[in-house]
Amino acid sequence: MVYTGVLTKMQTEFLEPIQYYLVFENDFIHINQLLNKTIDLKRVGHQCLSCGLDRPIYRQGFCKTCFFNKPLAGDWIMRPELSTAHLGIEDRDLEYEKNVQLKPHIVYLANSSNVKVGVTRKSQVPTRWIDQGAHEAIEIVEAPNRYLAGITEVALKDFVADKTNWRTMLKNDIKDEDLLEWRHRLKSHIPEEALPYFIENNTETHISFPVSQYPEKPKSLNLNKTQQYSGKLVGIKGQYLIFEDNTVFNVRANEGLVVDLSI
Ligand SMILES: [Zn+2]
């Protein structure tokens with residue numbers, strides 16, 4: 001059976017364990033059902049997620065032209081503190097930006113390899129945590145817009161990491177942290193403007209991933225260099241497929257790649 005399609009990040013369902021789906025134009029593939037099976041991935045082209053052309057992918061699934069011009073790739077996506085829609089100031093398309101930025105945003109703590117702070121739209125909880133491979137996470141601030149969440153994240157970065165180590169996450173070399181205790185400790189560093197939105201009472205969310213064998217030395221598969229790869233799927237964590245031979249494939253980092261997936 002061969003499925004052909006453009007890679008976009010795997011869709012997930014928050015169950016025990018997480019359920020993963022690859023959505024192609026004509027197929028909906030339940031990846032959990034492929035565990036312990038040999039699958040074959042082959043690059044057959046590229047398709048920019050914005051313009052749809054077969055051009056090299058620059059970042060986030062976009063070709064270079066789209067990445068630098070389309071509203072959905074503005075700098076405020078990766079750096080929420082640069083959001084300006086709350087001031088009525090346009091970056092690339094004010095209507096689009098208002099629609100995304102002026103919605104409730106969550107500042108959270110997530111533990112995938114270490115505790116880190118992050119920002120996401122409220123509608124993306126717990127999806128964002130699943131995509132990062134976090135085994136535990138907690139919301140600490142619910143801000144009415146992206147800007148306030150962004151400045152909170154920036155202020156907290158002096159006291160907690162904002163990056164994770166993907167190798168540690170995949171090796172499952174993790175420890176449990178008391179995120180309520182972390183939240184309590186960080187409270188005094190939240191900017192005054194965001195303090196009214198501090199969340200006092202909620203609990204940690206725990207996430208379990210479908211992995212039967214963690215890689216000891218994860219090797220990242222790059223389908224732009226190696227056109228084809230075959231291996232036995234032994235786990236899925238974050239947005240990574242994990243294979244028996246220590247190969248790992250980050251689906252999200254390969255958005256826009258057109259592949260043949262053979263089972
Ligand atoms: Zn494009």
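The buried residues of helix α7 (residues 179-186) are L179, R183 and L186, where a residue is called buried if 20 or more other C-beta atoms lie within 10 Å of its own, exposed if 12 or fewer, and partly exposed in between, with C-beta atoms placed from the backbone. These three residues lie on the same side of α7, because they cover an arc of only 70 degrees around the axis, the arc being that of the directions from the helix axis to the C-beta atoms. An α-helix has 3.6 residues a turn, so residues three or four places apart point the same way. The face of α7 turned away from the buried side carries the exposed residues E181, H184 and R185. Helices (H or I, at least four residues) and strands (E, at least two) are DSSP runs, numbered from the N terminus.

This is a predicted model, in which local features need pLDDT of at least 70 and side-chain atom pairs count only at pLDDT 80 or more, while totals for chains, interfaces and linings use all residues. Residues are numbered from 1 along each chain as its sequence is written.

**Surroundings of α7**

The buried residues of α7 pack against β6 (105-111), β8 (136-143) and α5 (146-156), two residues being in contact if their C-beta atoms, placed from the backbone, lie within 7 Å. Of the 11 residues of α5, 9 are buried, so this helix is largely enclosed by the rest of the structure. The buried set in α5 consists of R146, Y147, L148, A149, G150, I151, T152, E153 and L156, and these residues pack against α2, α3, β6, β7 (115-121), β8 and α7.

Strand β8 is likewise largely enclosed by the rest of the structure, because 6 of its 8 residues are buried. It pairs with β6 in the antiparallel sense over 7 bridges, and with strand β9 (residues 205-206), also in the antiparallel sense, over 2 bridges; two strands are taken to pair if DSSP finds at least two bridges between them.

Leaving aside residues up to four places away in sequence, V107 touches V117, V119, I140, V141, A143, A149, T152 and E153.

The C-alpha centres of domain 1 and domain 2 lie 26 Å apart. The contact between them takes 15 residues from domain 1 and 11 residues from domain 2. On the side of domain 1 that touches domain 2, the residues divide into 8 nonpolar, 3 polar and 4 charged, where Ala, Val, Leu, Ile, Met, Phe, Trp, Tyr, Cys and Pro count as nonpolar, Asp, Glu, Lys and Arg as charged, and the others, Gly among them, as polar.

**An open sheet**

An open sheet is formed by 7 strands in the order β1-β14-β5-β11-β12-β13-β10, with mixed pairing. Its edge strands are β1 (2-6) and β10 (219-220), each of which pairs on one side only. Within this sheet, strand β12 (residues 240-243) runs antiparallel to strand β13 (residues 247-250) and is joined to it by 3 bridges, with L241 standing opposite F249 in β13.

**Loops and backbone details**

| Site | Backbone value |
|---|---|
| E16 to P17 | cis, omega near -5 degrees |
| V125 to P126 | cis, omega about 5 degrees |
| N36 | phi near 65 degrees |
| N246 | phi near 80 degrees |

P17 is placed in the loop between β2 (11-13) and β3 (19-23), whereas P126 lies in the loop between β7 and α4 (127-132). N36 is found in the loop between β4 (28-30) and β5 (38-46) and counts as exposed, because it has 12 C-beta neighbours inside 10 Å. N246 sits in the loop between β12 and β13 and, with 16 C-beta neighbours inside 10 Å, counts as partly exposed.

T84 belongs to the loop between α2 (75-78) and α3 (94-101), and it too counts as partly exposed, with 16 C-beta neighbours inside 10 Å. When residues up to four places away in sequence are not counted, T84 touches I89 and D91. T84 and E97, 13 residues apart in sequence, are 8.3 Å apart in space, C-alpha to C-alpha.

Note on methods
Domains from an automatic or database assignment.
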